[in-house]
Amino acid sequence: MSNVDQKVPFTEAVEAFDPLLGFEVHVELSTKSKMFCACPTEFGAEPNTQVCPVCLGLPGSMPVVNQDAIESTIKIGLALNCKIAESSRFARKNYFYPDMPKDYQISQYDEPICYDGYLDVEVPLEDGTKKSVRVEIERVHMEEDTGKLTHAGGATGRIQGADYSIVDYNRAGVPLIEIVTKVVPDTGALAPEVGRAYVTQLRDLVRGLKVSDVRMEQGSLRCDANVSLMPAGTSEWGTRTETKNVNSFKSVEQAIRSEIERQAAVLQSGGKVVQETRHYQETSGTTTSGREKTDAEDYRYFPEPDLVPVEPSAEWIEELRAGLPEAPAKRVARLQEAWGLSDFDMQSVVNAGALDVVEETVAAGVDQAAARKWWLGELARRANEQGVEIDQVGVTPADVAGIVALIDEGKINDKLAREVIDGVASGEGTPAEVVEARGLGVVSDDGPLIEAIDQALADNPDVVEKLREGNMQPVGVIIGAVMKATRGQADAGRARELIIERLG
Ligand code: ZN
Ligand code: MN
């Protein structure tokens, strides 16, 4: 048998089979302390400095539940339209792995804190429209993260071929929320896009609650995607595979597509899909076999005897419900309407992660078109270059409002605005202060402008000839020369007027 998985072309695969999807998403909460102890959760500390007897699983140590983690979990559950259990329990999930010193993970099993919810996902279609797909949520439960193993000495950083492994327990005990969907049926050829849209919109929803950074690339949001195939026209569920820890939205889409193509080939050649975990390979865009999947019974779950049940009061739940922010999909629809944007233009704002900053800039009195122009243009470019989120480029919505005001007042032009952005981003102060300190104002005094124009006209007699014949097309050459001579500080509009004047 060949090592390379056979595949059936995607369109053929989804004609012969109906894909069934399922998702397990882990979200690391951004609480100050861990799930069951007071250790800090800050990322990037010296290895094994944020540990105590509880998160190291030392005998005799006793866990205590983090109230903030419960609150964050209930918020997520409510935002996902879940019911909140009057009483829920923690359970021990037993298995051995070196990054888990207790040899069990404290999780929740048959009594999760939130259950029976849904998320209505807007799936973008190729023709620019959207289709709404309801993804039903089975449960949202609390658990603790494990430590982090690093495999050293090998070429790939994987355990195979490594000389030794080292473990950092700082992450052990960090609060994790697991969000499990029910089976998502009837997605057909849209299955990969539904997967991507679900994880993206779940991220937006959790981010809006401000309970996690939900950064896929940093592992604070991790997605496992389950895929199985059902012969078209039947209701026989196939065997599912679980592709673990897919770490970007695009990869979720690609992993589902790849699994559908692979499973279809297995089934069409008369084979059986193996129930297993799989790993998504960024380089090839396909999944490879991991381990055969353990059934829940193998974990020997039993109630955690060291923790009392979680019993949130109805008043507290209602208080949290009342404090929930507007749902992301509703907010997008409301802003799109208010700004009068097409689906495409609105999607560009959402895709750039610029919704918050554009909204705040508009709230600061800037026209939506100008706000979008700066955030989706110059500032998005900088964020991209620096590999950071758009709200981390060192320029705030208030700064953009200040820059746009300076442009509207004719004090700077777009080119100077980019220099102002440089100054603001490097901490030189507000836009007005940067203009002042760097001496950036537009030259609107006609004297130096006329001087520069006359020089440019003298230097370009062929252009002057065309302009005099009424062909205004090459006027840009003169304006360009004037801009160069004034080091970009000329007011282009005024320069144009003066050029026409000087030509008589
Ligand atoms: Zn601890
Ligand atoms: Mn889990």
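Residues are numbered from 1 along each chain as written, with chains lettered from A and ligands numbered from 1 in the order of writing. As the model is predicted, local features need pLDDT of at least 70 and side-chain atom pairs pLDDT 80 or more, while totals for chains, interfaces and linings use all residues; side-chain values use heavy atoms, without hydrogens and water.

The protein chain is divided into domain 1 (3-308), domain 2 (326-411) and domain 3 (446-502), with bounds from an automatic or database domain assignment. Between the C-alpha centres of domain 2 and domain 3 the distance is 34 Å.

The zinc ion (ligand 1) has C37 (SG), C39 (SG), C52 (SG) and C55 (SG) as its protein donors, at 2.3 to 2.4 Å. Donors are N, O and S atoms within 2.8 Å of the metal (3.2 Å for Na, K and Ca); water is not among the atoms, so sites may look incomplete. The zinc donors follow the sequence spacing C-x1-C-x12-C-x2-C. Angles of 100 to 115 degrees among the four donor atoms make this site tetrahedral (four donors, all angles between 85 and 135 degrees). Both C52 and C55 are buried, that is, under 20% relative accessible area (1.4 Å probe, protein chains only).

The manganese ion (ligand 2) is coordinated at 2.0 to 2.2 Å by H26 (NE2), E143 (OE) and E178 (OE). Because H26 lies in strand β1 (residues 17-28) and E178 in strand β9 (residues 175-181), the pair ties together parts 152 residues apart in sequence; strands are DSSP runs (E, at least two residues), numbered from the N terminus. H26 counts as buried at 12% relative accessibility, and E178 counts as buried at 9%.

Key
Helix = DSSP H or I, 4+ residues; strand = E, 2+ residues; numbered from the N terminus. Buried < 20%, exposed > 50% of the residue type's maximum accessible area, 1.4 Å probe, protein only. Tetrahedral: all angles 85-135°; square planar, octahedral: opposite > 155°, others 65-115°.
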